[in-house]
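Subject: A structure for you to look at

Hi there,

Here is the structure I promised to pass on to you. Please open it alongside this message, and then read on for what turned up in it.

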Amino acid sequence: MILDYDVILARYGEVAIKGPSVRRRFEGKLLHNIKSAFSCRAELRHGRIFIFPEDMDEALDRLSKIFGIVSFSPAVTAETGFDSIEDALREYIDELRSEGLLTSRTPFAIRCRRVGEHDFTSQEMAAFAGSVVVGEVGAPVDLGNPDLEIHLEIREDETYIYHRVIPGPGGLPAGTQGKVVALLSGGIDSPVATYLMMKRGCQVVAVHMDNAPFTGEEAEEKVEKIAAKLAEYSAGVEFKLRTFSYGRYLESCRKGAPEKMTCVLCKFGMYHLAEMVAEEEGALAIVDGSSLGQVASQTLPNILATRMGVNIPILSPLIGMDKVEIENLAKRIGTYDISVIPDGGCSAVPAHPSTASPPEAVMEASEKINVKEEVAEIFRKGSKTRIFS
């Protein structure tokens, strides 16, 4: 027998500490995002979100990808009162036993929390509920280190019984912190950087540079799949992918500047193109996957050189993370397996890229190949756009 849940209790953390007006706005956005993710009725009561989904399994899957939710629990509802709670708890215990989660040897604890006025205390109800479990199963009580915790959340005249507390992604509700342009490639790092800014409540316009003929079609297919995976975390907020043809500019870099500066000038142009996109989209910052010292273009001298002349913030949420940390996060969010699909790489990468390009040399080279006009031409030709919602 499988537990017949009828409601999900969702909890939020950081949202709750905001000032009253900001909190109300964030709570409203979180409710909107939940309702956009799956068919349900959802309402806010005393710092909890009560969700009544049409499809419980779908809801539990989708809630794990909605930013702002710290944890959630599928629960069964009973009327508040000793007799009603005892009846519901006996059924709940029977189903826990049938699933192998509760036996006569399972140390357990009852955790009781109340909101409202009642003729009993939380401790009294916890003791009563514990006696019901002991009477039914004979399991030992262990309040310090139980193998199973059964929760009673008593809200006025309704009581919710649950034993699962499922972690959510945390963060802030998507769409509460403005829009950013995220430079997105088929690698491991940039999808993780994009995810982290989404977790902070940002709406994303992902910008991908198609480096053909220096990259193959496989690279574009990977980026489409990565964008689709990231969009799963953007319920209630549009996720846009814009792909620009960038190969002509990259060829200009190779022909018109020292070969070792190709990657630096490539990144330099990306930032300036992203800034144009940001102005058009109403975005307030650029996001990239830079991790200090990981590759040649991400040394401190090259970070300085590549960002010269860009007039909006460039955010690098991975800057202090190492490769193992980034890979572990990529695996957790589901982008790693896509990113490691072989795609041939970029054939324009020089054998010995510069690790410390002087800013004045980069500016001189950029003027020689007329970066501003090259990038402006790419922008004028437009992008291939796909919207995930």
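How much area do domain 1 and domain 2 bury between them? The answer is about 780 Å², with 57% of it on carbon and sulfur atoms. Before going further, please keep in mind that this is a predicted model.

**The two domains**

The domain assignment gives domain 1 as 7–167 and domain 2 as 179–388. Their C-alpha centres lie 43 Å apart. Where the two meet, eight residues of domain 1 are in contact with ten residues of domain 2. On the side of domain 1, Glu 14, Lys 65 and Phe 67 supply 72% of the area buried against domain 2, more than any other three residues.

Charged pairs also take part here. Glu 14 counts as partly exposed because its relative accessibility is 29%. Arg 200 is partly exposed too, with a relative accessible area of 35%.

**The binding-site residues**

An unreviewed UniProt entry lists Leu 183, Leu 184, Lys 267, Gly 289 and Gln 298 under "binding site". From this set, the lining of the largest pocket takes in Leu 183, Leu 184, Lys 267, Gly 289 and Gln 298.

Leu 184 lies in the loop between strand E9 (179–183) and helix H5 (189–199). Is Leu 184 buried or exposed? Leu 184 counts as buried, because its relative accessibility is 3%. Leaving aside neighbours within four places in sequence, the contacts of Leu 184 include Ser 190, Pro 191, Val 207, His 208 and Leu 241.

Gly 289 is found in the loop between strand E12 (285–287) and helix H9 (300–306). At 11% relative accessibility, Gly 289 counts as buried. Beyond its neighbours within four places in sequence, Gly 289 is in contact with Asp 189, Ser 190, Ala 193, Gln 298 and Leu 318.

Ser 190 is found in helix H5 and is buried, with a relative accessible area of 7%. Ser 190 and Ala 109 are 81 residues apart in sequence, and their C-alpha atoms are 44 Å apart in space.

**A helix with a covered side**

Helix H7 covers residues 247–256, and its buried residues are Gly 247, Tyr 249, Leu 250, Ser 252, Cys 253 and Gly 256. Which elements cover them? They include strand E10 (203–210), strand E11 (239–245), helix H8 (262–281), helix H12 (359–368) and helix H13 (371–381).

**More salt bridges**

The structure holds 27 salt bridges. One of them joins Arg 45 and Glu 158, whose closest N and O atoms are 3.7 Å apart. Arg 45 lies in strand E2 (residues 40–45) and Glu 158 in strand E7 (residues 158–162), so this pair ties together parts that are 113 residues apart in sequence. Arg 45 is partly exposed at a relative accessible area of 22%, and Glu 158 is partly exposed at 31%.

Salt bridges that share partners also join Lys 179, Lys 240, Arg 242, Glu 280 and Glu 281 into one network. Glu 281 lies in helix H8 and counts as buried at 14% relative accessibility. Setting aside neighbours within four places in sequence, Glu 281 is in contact with Lys 179, Val 205, Lys 240 and Arg 242.

Enjoy exploring!

Best wishes

Key. Residues are numbered from 1 along each chain as its sequence is written. This is a predicted model: local features need pLDDT of at least 70, side-chain atom pairs count only at pLDDT 80 or more; totals for chains, interfaces and linings use all residues. Side-chain values use heavy atoms; hydrogens and water are left out. UniProt positions are given in the numbering used here, feature names are shortened, and annotations may be inferred rather than shown by experiment. On a 1 Å grid over the protein atoms alone, a cavity is a set of points where a 1.4 Å probe fits but cannot get out, and a pocket is an open set with protein on both sides within 12 Å along at least five of seven lines; lining residues have an atom within 4 Å of a point. Helices (H or I, at least four residues) and strands (E, at least two) are DSSP runs, numbered from the N terminus. Buried means under 20% relative accessible area, exposed over 50%, partly exposed in between (1.4 Å probe, protein chains only). Contact means heavy atoms within 4.5 Å. Domain bounds come from an automatic or database domain assignment. Buried area is the accessible area (1.4 Å probe) that two parts lose on being put together, summed over both. A salt bridge is a side-chain nitrogen of Lys or Arg within 4 Å of a carboxyl oxygen of Asp or Glu.
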